[in-house]
Amino acid sequence: MSKAGLKCPNCGSSNIVNDDLYSQAQLVCVECGAVVSEGSLADDPLWGTDVSYSRTTAVKKNPCLNLIKGLERVKEICRILRLNAEIEHLAQTYFRTAYQHESFINVTLQRKEVLAGCCVCISCRQRNWPITLGTICCVLNAEETLLGGVYQEMLKILNIQAPFVSVVEVIETHVHEYKISKQDVPEDFAEDPKVLTKRAVELVELAGESWIVTGRRPLPLMMAATYLAWQSLNPNRHRLKFSLDKFCNMAKVRKRRAAATRITELKEVLCRLGKELPWVTEAVTESDVVPLVGDILKYRHSLLARALKTHEKALEANCAQTSTLNHPTDEVVPTQHSESRNENESTSSVVQLSPSNKGENQGDKNDDQSEEPVPNWGKKVLFAPPCVINAKRRRVERRVENCTGDEEISDGEIDSYIRSPQEARDFALMQKMLSLPNSENS
């Protein structure tokens with residue numbers, strides 16, 4: 001800022017500014033750079049004027065080396081997944097913001113690398129690019145628990161909302177990872193990715209309608225659907241005998257541990273629906289249900305309705321049969337004489353219980369029923385969530401009885417207090433060994 005009324009004694013310019021570059025203030029001419037007047041140290045504050053380090057050096061702060069490596073890692077992940085420039089720029093922005101937070105700046109290098117993958121995943125989901133955390137795990141070769149923890153922590157800290165991705169949206173990307181085209185495998189095992197994706201999507205939709213998807217990880221389910229779709233599109237003897245391990249080795253993908261269980265569950269559902277096909281007269285098993293997958297998926301809505309009706313009729317018939325066995329109907333024989341009727345009434349009165357006895361018996365029954373565990377309703381329904389079918393047994397709290405000390409001791413408990421002959425010999429030998437040192441000391 002120029003000072004009014006002052007002129008430079010050298011050049012006569014009035015453009016004079018106050019320069020507080022160091023601890024002493026000075027008036028300097030802008031034109032020639034001459035010092036017009038110097039301030040007195042006595043007039044300045046005790047420790048001089050406060051001048052920041054950045055103003056004195058005028059050097060821009062360089063980014064951290066780990067931040068640069070993290071941004072490069074974000075770029076590498078985006079290039080591997082073939083993402084566009086918009087998603088890449090958004091992921092790098094998220095990484096810069098999250099890296100400066102106190103929760104991520106002083107962590108291990110592995111956690112920072114996982115943070116880069118989480119930024120890419122969030123950016124993809126916000127731009128409607130279907131991707132799963134399992135895919136990021138494969139790219140980073142990281143643990144799923146670590147990645148999931150960093151992902152949830154990042155959403156909470158940065159207050160970001162990432163939309164959920166359906167399994168159907170991701171399966172197209174998942175199928176293209178399998179190297180089963182004509183250029184990669186023999187013709188008997190080759191399959192068009194578009195046709196394979198369509199059949200796998202139908203299988204995943206069927207799994208969703210039969211509660212298999214509920215609470216399950218998407219990658220094993222997608223692998224199971226892809227494997228069954230590949231077998232059912234051309235169910236020849238080569239494909240039917242091909243196991244899941246061989247299929248994963250041929251397609252050059254890593255096998256998921258739970259994929260075999262998902263295949264079994266899908267086959268069980270297909271067997272239940274295959275029995276409802278009108279032209280199928282023989283029993284449908286898991287070994288021969290794969291050739292029927294095309295017909296089952298084509299008419300799956302009507303087959304689901306028929307299977308539910310058949311299951312309900314079977315339950316009604318079973319309930320009627322059990323009720324007849326537990327409560328048989330009494331045949332009433334008509335009597336012709338009043339004497340026989342009186343005799344029957346007298347005998348029935350003897351057989352009938354008093355109201356007090358009825359109440360006692362009903363109370364005993366209620367106590368017995370309360371102690372029995374609640375039956376699992378999932379086993380009575382044709383399709384139910386996995387957490388209901390395989391429900392964990394709850395601990396039954398036993399009633400604590402008041403001990404007075406006068407209770408009878410059972411024979412088995414008394415026998416446990418009595419030493420056996422071998423125990424008696426061992427005890428005598430131990431006492432003898434313990435007495436030897438005392439005798440030697442004495």
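This is a predicted model: local features need pLDDT of at least 70, side-chain atom pairs count only at pLDDT 80 or more; totals for chains, interfaces and linings use all residues.
User: What makes a crossing of two helices left-handed or right-handed?

Analyst: A crossing is left-handed if the near helix is turned anticlockwise from the far one by less than a right angle, and right-handed if clockwise; the crossing of α9 and α10 is right-handed. Residues are numbered from 1 along each chain as its sequence is written, and side-chain values use heavy atoms, without hydrogens and water.

User: Why is α9 called oblique to α10?

Analyst: The two helices pack at an angle of about 125°, with their axes 8 Å apart. Angles under 35 degrees count as roughly parallel, over 145 as roughly antiparallel, 65 to 115 as roughly perpendicular and the rest as oblique, and therefore α9 is oblique to α10.

User: How do you know that the span of helix α9 agrees with its 17 residues?

Analyst: The expected span is 1.5 Å times one less than the number of residues, so α9 (residues 193–209) should span 24 Å, and its end C-alpha atoms are 24 Å apart, which agrees.

User: Why is T173 called partly exposed?

Analyst: Buried means under 20% relative accessible area, exposed over 50%, and partly exposed in between (1.4 Å probe, protein chains only); T173 has 39%, so T173 is partly exposed. T173 lies in helix α8 (residues 167–175).

How values were computed. Helices (H or I, at least four residues) and strands (E, at least two) are DSSP runs, numbered from the N terminus. Axes are lines fitted to C-alpha atoms, for helices over the stretch in contact, and angles run from 0 to 180 degrees between N-to-C directions.
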